[in-house]
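Q: Hi! Could you walk me through how the chains in this model touch one another?

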There are 12 protein chains.
Amino acid sequence: MSGVYKKIEVVGTSKESFAHATKVAIEEAAKTVKNTSWFEVAEMRGAIKDGKVSEFQVTVRIGFKIEH
Amino acid sequence: MSGVYKKIEVVGTSKESFAHATKVAIEEAAKTVKNTSWFEVAEMRGAIKDGKVSEFQVTVRIGFKIEH
Amino acid sequence: MSGVYKKIEVVGTSKESFAHATKVAIEEAAKTVKNTSWFEVAEMRGAIKDGKVSEFQVTVRIGFKIEH
Amino acid sequence: MSGVYKKIEVVGTSKESFAHATKVAIEEAAKTVKNTSWFEVAEMRGAIKDGKVSEFQVTVRIGFKIEH
Amino acid sequence: MSGVYKKIEVVGTSKESFAHATKVAIEEAAKTVKNTSWFEVAEMRGAIKDGKVSEFQVTVRIGFKIEH
Amino acid sequence: MSGVYKKIEVVGTSKESFAHATKVAIEEAAKTVKNTSWFEVAEMRGAIKDGKVSEFQVTVRIGFKIEH
Amino acid sequence: MSGVYKKIEVVGTSKESFAHATKVAIEEAAKTVKNTSWFEVAEMRGAIKDGKVSEFQVTVRIGFKIEH
Amino acid sequence: MSGVYKKIEVVGTSKESFAHATKVAIEEAAKTVKNTSWFEVAEMRGAIKDGKVSEFQVTVRIGFKIEH
Amino acid sequence: MSGVYKKIEVVGTSKESFAHATKVAIEEAAKTVKNTSWFEVAEMRGAIKDGKVSEFQVTVRIGFKIEH
Amino acid sequence: MSGVYKKIEVVGTSKESFAHATKVAIEEAAKTVKNTSWFEVAEMRGAIKDGKVSEFQVTVRIGFKIEH
Amino acid sequence: MSGVYKKIEVVGTSKESFAHATKVAIEEAAKTVKNTSWFEVAEMRGAIKDGKVSEFQVTVRIGFKIEH
Amino acid sequence: MSGVYKKIEVVGTSKESFAHATKVAIEEAAKTVKNTSWFEVAEMRGAIKDGKVSEFQVTVRIGFKIEH
């Protein structure tokens, strides 16, 4: 690691698991940001419907290198 | 979201994963509380037996609407 | 629980999920420490490669009984 | 203060302000719990609609004396 | 530990010590809740009268198994 | 809630109240970001002038859905 | 901002709102301390009487320049 | 509780217990500050000598009413 | 204090009090580590049996000088 | 301070010191963002190579005024 | 360490580094308070001017023995 | 990063700066632990003598790969 990095906060959602919601967030971010290189889980929450988990929600801070 | 909500803290356990322990907590709570609508993960722990994870334990705060 | 315990901090990694990274940490620790009995998740992070999660990293505090 | 107290977590909502959402939570709790005597703000959030705050949400921990 | 657990928050008070206030909270909770099995100290405060500690106040989260 | 969301951090200021500073932040953000749907209060501060509050400052994290 | 500052912790109370309790704390502090220039909200609590909020209590850390 | 309060931070020490160190802090503060009415434990530490606890150290925030 | 120190995390248990559980942790650590010089309380928990506190558990971080 | 501000999170790196890594982050951010006016240190980490610090890494939240 | 201590919060500023801002705070405090013996860093912030760090600001809690 | 890592907590001290105290901790740890690869600052404190900073103390968590 060298240079300067930026962190953005993205929330991924999934019907399956926290790991999958995390992947969803990372892959979506990669569509608009280049050089994403690490993530940190900031929060785990979710929605409930009819007494069951209907959605896992994971907030990740994603770090990426600033290019010139 | 509108009205007034209550949050309770429930610990779910699972031999499989954090996501499954979360589902166990939500589904058990739904047996006695109506209108459960969201959850927040407060803590993740677990038990070890013979050098392996024997149980994932997830504490979730569960929010539900107060009815009249 | 009775007696005296020690806690150590171990980081497990996995290409699959947070639960698997946790298992990896616990099983590695058990190779050198006896009596491991519980764990607490302290941090969840990960690495990104080519816009995808390449590794889940879970820091766990592992508790074990001190023997004489 | 003397004796034993219990704390419950309630979320009040309001279109006006954080203070009003707090009042809503306290007054609703008082309908089912006796002896409520203090509160602690645990979280402040809210909903947005059409680019404006549509709802202030305040989570309060409410303390009340346990009676016999 | 297996199954599903609930945590409640109780404040015990004592003129003697933090340990005694903790015991007071646990014993009071046991009068109305079955299967209490562990506690976590969440906060330690107290009251002062005539320049001396008149009361130790300990907030404990108490965990107990949900039965069917 | 479904899909992927981003959170940004905005500080609103007001001479009146914390609630008003929050509204200012939300309404300003809506000028450049679409789909804002919730906010979380991260910090409350303010400025003092001539011994009086001259400004309430509220930092809010604002969540909005990422569109394609 | 330059030089050296001190921070003190003051609790303001109000029957109206958190913003008003904050103002009360700032104005009281200004009676005995010169150069107060900013505040940070550290805690929000309150008292309940007859099932209604009887008092909002806001703890603020107040910063002021040390003079010579 | 009504009016305006100030909080100061005091560290009490004791060879006996956390509760005693707390009492020492409160009683010392009362020698120079009037109207002390509550305390909050902020930190618990201590010194070790010859492999034994030689001193319990408790940092308490002490609240007292500002008089005119 | 000068030189370099290490901190380890130890959990002491006691049927009596938090202070005693702390002493148990410190004295056990001293059996295998030299130069222990201070401790910081990281967590206070406990076990409940038959509706009474059966064990106080205190996690302490213990600092000691690294020798050559 | 008046108006509305945004905060972004930037990680600066340096072989020299935390202060230098902070400067690197601030100066890089200023290349693309106007009106940067304050920063808050959120995290300090670093890399190690051959048993020596090879890089100081400081995460700063940078505040800047939103213009029209 | 023995006896009773007080902690005060002071903010030092410097154009050079966090370490220097810390020294500035400690030396200023020593002008009016006797027996200062330790400090704890509570917060690191700073000001930006023309896209460069114009000031490092460090909030330190300073401990000193209360004399009679 | 792949495999399993351990984190240890070390306190470095220096008369010069936080950065130097950090280096001291890292270099001392490297004398007895192989493969140290990153550090996280956990706490910054220091000692005061004759009204001046006599020592900067930095607690770092140091991560290193576990070998077989």
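This is a predicted model: local features need pLDDT of at least 70, side-chain atom pairs count only at pLDDT 80 or more; totals for chains, interfaces and linings use all residues.

A: Happy to! Let's start with a definition: contact means heavy atoms within 4.5 Å. With that rule, the contact between chain A and chain J takes twelve residues from chain A and 14 residues from chain J.

Q: What area is buried between chain A and chain J?
A: About 980 Å², and carbon and sulfur atoms give 55% of that. Buried area is the accessible area (1.4 Å probe) that two parts lose on being put together, summed over both.

Q: How many salt bridges are there across the interface of chain A and chain J?
A: The rule finds one salt bridge there, where a salt bridge is a side-chain nitrogen of Lys or Arg within 4 Å of a carboxyl oxygen of Asp or Glu. J:Glu43 pairs with A:Lys7, and their closest N and O atoms are 3.2 Å apart.

Q: Which strands of chain A supply at least two residues each to the side that touches chain J?
A: Those are strand S1 (5–14) and strand S2 (36–49) of chain A. S1(A) gives the most, with three residues. Strands here (E, at least two residues) and helices (H or I, at least four) are DSSP runs, numbered from the N terminus.

Q: Which strand of chain J is joined to S1(A)?
A: Strand S1 (residues 5–14) of chain J: three bridges join the two, and they run antiparallel. Two strands pair if DSSP finds at least two bridges between them. As an example, A:Tyr5 has J:Val11 as its bridge partner in S1(J).

Q: Why do the copies meet through different surfaces?
A: Only 13% of the interface residues of chain J are also interface residues in chain K, so the copies meet through different surfaces. Their contact takes 15 residues from chain J and 13 residues from chain K.

Q: And how about the area buried between chain J and chain K?
A: That area is about 1,200 Å², with carbon and sulfur atoms giving 68%.

Q: How many salt bridges are counted between chain J and chain K?
A: Two salt bridges. K:Lys52 forms a salt bridge with J:Glu27, with the closest N and O atoms 3.7 Å apart.

Q: Which elements of chain J give two or more residues to the side that touches chain K?
A: Helix H1 (18–29) and strand S2 (36–49) of chain J. The largest share, seven residues, comes from S2(J).

Q: Which strand of chain K does S2(J) join?
A: Strand S2 (residues 36–49) of chain K, through three bridges, and the two run antiparallel. There, J:Glu40 stands opposite K:Arg45 in S2(K).

Notes. Residues are numbered from 1 along each chain as its sequence is written. Chains are lettered from A and ligands numbered from 1 in the order in which they are written. Side-chain values use heavy atoms; hydrogens and water are left out.
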